[in-house]
Amino acid sequence: MQLNPQSDVLSDARLISDDSRASATPMMEQYIEIKAANPGSLLFYRMGDFYELFFQDALEASRALGITLTRRGQHLGQDIPMCGVPIHAADDYLQKLIALGYRVAVCEQIEDPAEAKKRGAKSVVKRDVVRLVTPGTITEDKLLSPADANYLMALARIRAGDEPAFALAWIDISTGVFRVAETTQTRLLADILRIDPRELILADSLFEDAELRPSIDPLGRVAVPQPAVLFDSATAAERLARYFSVATMDGFGTYSRAELAAAAAAVAYVEKTQLAERPALSVPEREAGAATLFIDPATRANLEIGRTLSGERAGSLLKAIDRTVTGGGARLLAERLMSPLTDPEAIRARLDSVSTLIDAPRLVTDLRAALRQVPDMPRALSRLALGRGGPRDLGAILAGLSAARAVGTALAGADLPQELHAARAALDALPEALGTRLAAMLADDLPLLKRDGNFLRQGADGELDEVRALRDQSRRVIAGLQLDYCEETGVKSLKIKHNNMLGYFIEVAAPQAGPLTEGPEAKARFIHRQTMANAMRFTTTALSDLETKIANAADRALAIELAAFDALSADVLAEGEAIKGAAAALAVIDVSSGLAVLAEEQAYCRPVVDRSLQFSIVGGRHPVVEQVLRRGSGPAFVANDCDLSAKPKAGGDGEGHGAIWLLTGPNMGGKSTFLRQNALIAILAQMGSFVPAGQAHIGVVDRLFSRVGASDDLARGRSTFMVEMVETAAILNQATERSLVILDEIGRGTATFDGLSIAWAAVEHLHEVNRCRGLFATHFHELTVLSEKLARLSNVTMRVKEWDGEVIFLHEVGPGAADRSYGIQVAKLAGLPPSVVARARDVLNKLEDADRKNPASQLIDDLPLFQVALRREESRRAEPSKVETALKALNPDDMTPREALDALYALKRQMG
Ligand SMILES: Nc1ncnc2c1ncn2[C@@H]1O[C@H](COP(=O)(O)OP(=O)(O)OP(=O)(O)O)[C@@H](O)[C@H]1O
C-alpha cells in the first residue's frame, strides 16, 4: 500500500517520547529503544531477509534511494511509514546513502529466532546495532574510491591562554593512516579543505559557536556535532594510550593538549562506530604547521586543484597530472597536490626522484608493469584487522607481496636518490616467509566470502586433502550405488538425487515403483520417504550412511579452512607494519614514476626551488588548458614568460621585494589563463613535480592567494561583489613578502568609479604593505599609470592584432598597456544582435570622448602616493582608547551603586 509522503509523520523526538514508548507493541518498543540510542543515523532494522526503515527514516531513505514507501500498522493513531532494502543488495543502497552524506546504524538480530520463541510465543528476537556506517568510517571496497583517501577528522579547541588553541586529527580507517596538526581559527577552513575529510566531528558547543560558523558552514553535512565528552582533553592522553596499549603516549613524541584532544576524539568516534572491532591505526603522526603551502579555501576552489568548480574530477589539475597506476599512488599524489611543501630541501628530494626516473626510461617501464599488479594492500589489511576480511583480502596481500618483490628487483642495483633509496629499503624489509606461506596455502581462484570455503589449495593441509578425497570418493560411490540399484530393481530410470530438504534420495517414476515397494524384502531395503505427483522417493541405509559421511566431510573441510584463514590473517597482521611500510614505498615509487612519465609526455622542466624571492618562469603554460588544446585540432597553447623576481637592492645590499605585474588586455585575450598558470606552476613545483615551462626558478612561496572568477554565495547571504571583497580583504590582510597573489579583475562587480578606486587602493596596498609577488589583471586601464610611481610595478598586456575590423587574440604577454578592451568585438563574436553591437559602438564613442576631456589619468597627479601607509596609521589611531574599552566592558545593570562609583573613579584615573 502506498503512503502519502506529505501526510503527517511522527518526528523522531515524538517517537522516542515516554508516551510513545508506553503505547508501543513489544517490537516497536525495541525499535524505539534502539532508535533513541542512535540519534542522527538512519536505522536499518533487520527483519528476516530485509533491513526495514520506519517513520522519518523511511521517508528520507525512500526519497534518497527512490524506493517505494509503504506502511506497516499504526502507532499513536498514525500510519507507520516503512520502506525496506533486501539484505543481498544492502551494500549498494548503503553506498548511495553514504555518498549522499547519510549515516546508517545497522541493527541485526543477535539471537536465533528459536531462542526467542523459548521465552514465549510473543517475545521479540533480540536485536542490536552492530555497526554505525558513516562516510568517514567505511572500509568496504564497494563503498570506497581507490584514488581517494577516506578521512574521518576531529576538531578540538582548547581555551587556555588568551588565544584558543585548535587542532585537527584525521584518520583513514581503510588504510590506518593517522595524523594530527595544530591550526588556528583563520587557517581552520583552509586546513580542513586541504585534507578534504568525508566527515568532520566536533563538540556540540563548537558546532553551535557563532565564531566558528564561517569555517563550519561551508562543510555542510560533512560536519557532525558529537557529545563534548569525546573531546575531553584531561583524559585524552590516557584514552589514546589505552587504544595503543601503551602506558603513556610520551614515547611517540610530544603532542599539544589540543592535538591530544582531537586525536582521542577521533579514536573514540572510531570505537563508537566500529563497536566490537578495532582498526589497526598507526600512531598519530604530527604534521608541522608551516611545512605546507597555505592555500586559502577560495583559491583552492577557484584554481580547480582537486576538483573543478562544479565538483568534478575531470578538468581539475589533479586529473591532468595523474599518471599513477595504483590506488595508493593516486591517493599519495592527491595528498601531495593538496598540501605542497615549503621546505626547499624536501621539495628537492622529491624532484630528485623524478629526475632519476626520467633518466631511466627502461626502469620506469619495468616499474610500472610491476606496479600495475599491486592491489590495495592497506585496505585489505585494514579489513582483515577489523574481522571483515575475506579470502580475496589474503589474496591481495599475496599479490601485493609478489608485486613488491618485482618492484624491488627492478630497483636493485640502481643508484637511487634518498627518497627512492628509502622506498627500496622498505620493500627489502618485507618478510619473504609470509609470501611463501600464502602462496603455498591459497587457491588460484578465491571466493569473496570465507564461509564459501574452497580457498585453500590442494596440498595446503593434509587433513583437508583427506576429507576432500573422502567427499569426492563418496560421490563416486553414490554414482556406483545408482548403477547397482538400477540392476537390482530392473528400473532403468532410477536416479539418485539430492536436495536440501531430503539430502540424497532414490527417485523412480511412480508407475515403475513396484520393484521397490512390493514384498517385505524390498520394503525393508528401500525406505519410503516421499510420494510426489508422478514420482516416488526412497532411501537406503547405505545411502544415508554415505550422506552422513559427505556432510561430515564438508563440515570438517570448512572448519579446517576457517581455522587456516584465522591463522593466515594473524600471520598477515603480525607483519602489518612491514606491509604498510611497503605499501607506502610503492605509492612513492608510483607517484615518482607517474610524474616522470608526465614530464616526458608533456615536456615539463625541473624547477629550481630555493629560499630566494625569485619568480621567474620562461615559456610557462597552463597544465590543464594546454592538454585540452592539444587534444583538439585548433591552435596550440602559446607559452608565456613571467618574472616577478625580487631584484637586488641598489648598492648590492641584499634582495629587495618581489615585483607586481599589472596585466591589461582584451576580453578573451588569455589574462585569466596566464594568472592561473603561474599559480599552478608554483603549486606543482612545491609539491615536487616538474612544471609546464621551459625554465622555472621559484623562491619558495609560503601562501598562495587568488581572487579569480566570480561566484556568489547566496546561501550565506553574500552577493558576488561581497564575496569578492571578503576574499580581497583576506588577501590584503594576510599576504606576506613570501606570498604569491593573483588578483583577477578586482572591483568589477560595482559601479565603475567605486571599482576603480578599490582596485587602485588594493594595488598600492600590495606594493607598499604586503610587498608580495603578484599578478593583477584588470580592465581599468587607468591603473597602468601607477607604474610611474610604484617602482616594482610593471605593465604587461595580452597582445592582439586588429585586422579588417576584426580582433585576433595572440595570447602573448608583452610589456606595455592595452588601450582598450575590445569588449564590443567579443560581444559581436558571441552573437549579440547587430543592432545592439552598433548601438554599443555609438555609446562607447561618446563615453570615450567625455573621458578624453577629463581623463582619469589625472588621478595620479592628484593623489599623492604612499597614502596607504598614512591611512593605516590613521586607522590605527582611530582604534578605541583605553578608557573607551574599559567603559565598554562595564555593565551598569550588574553593578551596585558603590561599584558604579568606584568604576567612575577608576575611569577618571585612567584619563590621567
Ligand atoms: N596562452 C594561450 N594559448 C592559447 N590559447 C589560450 C591561451 N590563453 C588563453 N587561451 C584561450 O583563450 C580563451 C580565453 O582565455 P581567458 O579566459 O584567460 O581570457 P581573459 O582575458 O581572462 O578573458 P576575460 O577578460 O573575458 O575574462 C580560453 O578559452 C583559452 O582557451
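This is a predicted model: local features need pLDDT of at least 70, side-chain atom pairs count only at pLDDT 80 or more; totals for chains, interfaces and linings use all residues.

Which residue in S9 is the bridge partner of Trp170? I looked it up, and Arg179 is the partner.

Residues are numbered from 1 along each chain as its sequence is written.

**Entry one: around S9.** I found that strand S8 (residues 165-172) runs antiparallel to S9, with seven bridges joining them. Strands here are DSSP runs of E with at least two residues, helices are runs of H or I with at least four, and both are numbered from the N terminus. Two strands pair if DSSP finds at least two bridges between them. Four residues lie between S8 and S9 in their hairpin, and in the turn I noted Gly176, with a positive phi of about 90 degrees.

S9 also pairs with strand S12 (residues 285-286), in the parallel sense, over two bridges. Here Arg179 turned up again, standing opposite Glu285.

I then checked burial: six of the seven residues of S9 (residues 177-183) are buried, so the strand is largely enclosed by the rest of the structure. Buried means 20 or more other C-beta atoms within 10 Å of a residue's own, exposed means 12 or fewer, and partly exposed is in between, with C-beta atoms placed from the backbone.

**Entry two: another sheet.** I traced an open sheet of four strands, ordered S18-S22-S19-S20, with mixed pairing. Its edge strands are S18 (608-610) and S20 (640-643), each pairing on one side only.
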